[in-house]
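Please go through the structure shown below and work out, question by question, how its parts are arranged.

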Amino acid sequence: MNALVLIMRREIRLALRQIGESAIIVLFFVLAAVLFPFGVGPEPNMLARIAPGVVWVTALLAAMLSFERLFTPDFEDGSLEQLALGPAPLEMIALAKAAAHWLTTGLPLMIAAPLIAVLYRLPDAGYGALMTTMALGTPTISLIGTVGAALTLGSRRGGVLLSLLVIPLIVPVLIFGTAAIDAAIGGIPVRQHLMLMGGFLLGALVLTPLATAAALRQALE
Amino acid sequence: MRFFGENLSCVRGERLVFSGLEFAVDPGTALVLTGSNGSGKTSLLRVMSGLTRPTVGHLAWQDGPVVDNPECHHSRLNYVGHLDALKPVLSVRENLQTWARLHGSTDKKIASALKKLGLEGSENIPGRYLSTGQRRRLSLARLAASDAPLWLLDEPTIALDAASVDAVRSLIAEHRAAGGMAVIATNVDLGIADTTTLNLLDFAAADEDIWEGVR
């Protein structure tokens, strides 16, 4: 447990020293979302209609940019070897990495999401669901992303491969994330969507550290 | 406690690097690995560390095989490889703290480790401004900061000046005097007294295609 905290502190400290990298992800999120009205036209009703989908899709794409940086620098400079040779099991390292990734990428995206929703004039009823689905969905994305990042570690052009691996796995998060916001706007109960997303998160919390650790072990051989 | 390996073989890529290798390290002793480039010194160190699994054979401490409890094995060793594991954005002290704290070191021990490797006074320099020799010394400071009984060193003196080589030598002597053990892969004579030498070429596999039957 102590090791988990130490590794997370290291990750967060590194992220703060290179704050530009997190900032770029959020900036990409905002810019990509701002692009849509230029393509589909500025009609307010239409923008309000597509807002949940736009926020979620652009958040996913922005997160995709960040996964390559999860393990590659540590792998190249030997830090990953040292982490693996530390007293903490690799599963715990994987979990610490995912947690730190969420704090430095998922959380900023979550904070930026309502700003984009404002730009799109998301109906007031949707904000609660937007934040709840973000809170449940972004950690799931971080967890699944660590698996993808670990699997593509050491491969050339790993970034593209990573997206191909990760995107299909996070489609459920996208579907239920947007569905919950739409339901909230339409006045339909959102409970079942949120419970499914909670289920995904719990499942990912248990399964992804095992998968990530196995992939890292392979990469370090 | 004795650390040993029996009947070890290692396959890297499609090549059998060594086979039938046996070694044992006792407290207070040092094992020097020699052999030409590509003879498998680094591969053997990685096998010993547990990063690579031996293709055949097993590694064990006196109280049980390594595979039964890899975390316990890891807490007993300190590996300094070719890569320095330094972050350019962290200072010298922060870099060392990252690894030393993970192994349960105190701040006092970290400070004395920096001093032993001649890095006192440069604690606050960011990693990106360090020279190759300084990076190496910081990497070696991990050893001085930890209590791990087994040191696995891969060419520890590369890029070091004469004074630093002396520092490393006395570091190893001190460690051995305290009952520690060291396995050192090197191609230069480090001038360490009373060591056992293991020449990897003695365990080199015959130059045959081991996948022949498979294809």
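Predicted model: local features only at pLDDT ≥ 70, side-chain atom pairs only at ≥ 80, totals over all residues.

Q: What is the order of the strands in the open sheet of chain B?
A: Strand E1 (residues 3-12) of chain B pairs in the antiparallel sense with strand E4 (residues 56-61) of chain B over 5 bridges, and Phe4(B) stands opposite Ala60(B) in E4(B). E1(B) also pairs with E2(B), again in the antiparallel sense, over 7 bridges, with Leu8(B) opposite Leu21(B) in E2(B). The open sheet has 4 strands with antiparallel pairing, and their order is E2-E1-E4-E5.

Q: Which strands are the edge strands of that sheet in chain B?
A: The order of the open sheet in chain B is E2-E1-E4-E5. An edge strand here pairs on one side only, which holds for strand E2 (15-25) and strand E5 (64-65) of chain B.

Q: Which residue takes a positive phi in the hairpin of E1(B) and E2(B)?
A: E1(B) and E2(B) pair in the antiparallel sense, and their hairpin has 2 residues between the strands. The residue with a positive phi, near 60°, in this hairpin is Gly13(B).

Q: Where in chain B does Ala159(B) lie?
A: Phi of Ala159(B) is near 70°, a positive value in a residue other than glycine. Ala159(B) is partly exposed, with 13 other C-beta atoms within 10 Å. Its place is the loop between strand E7 (150-154) and helix H6 (162-177) of chain B.

Q: Which element supplies the largest share of the side of chain B that touches chain A?
A: The contact takes 21 residues from chain B and 18 residues from chain A. On the side of chain B, helix H2 (70-75), strand E6 (77-80) and helix H3 (92-102) each supply at least two residues. The residues of this side divide into 10 nonpolar, 7 polar and 4 charged. The largest share, 4 residues, comes from H3(B).

Key:
Residues numbered from 1 in each chain as written. Chains lettered and ligands numbered in written order. Pairing = 2+ DSSP bridges. Buried ≥ 20, exposed ≤ 12 C-beta atoms within 10 Å, placed from the backbone. Contact = placed C-beta atoms within 7 Å. Nonpolar A, V, L, I, M, F, W, Y, C, P; charged D, E, K, R; others polar.
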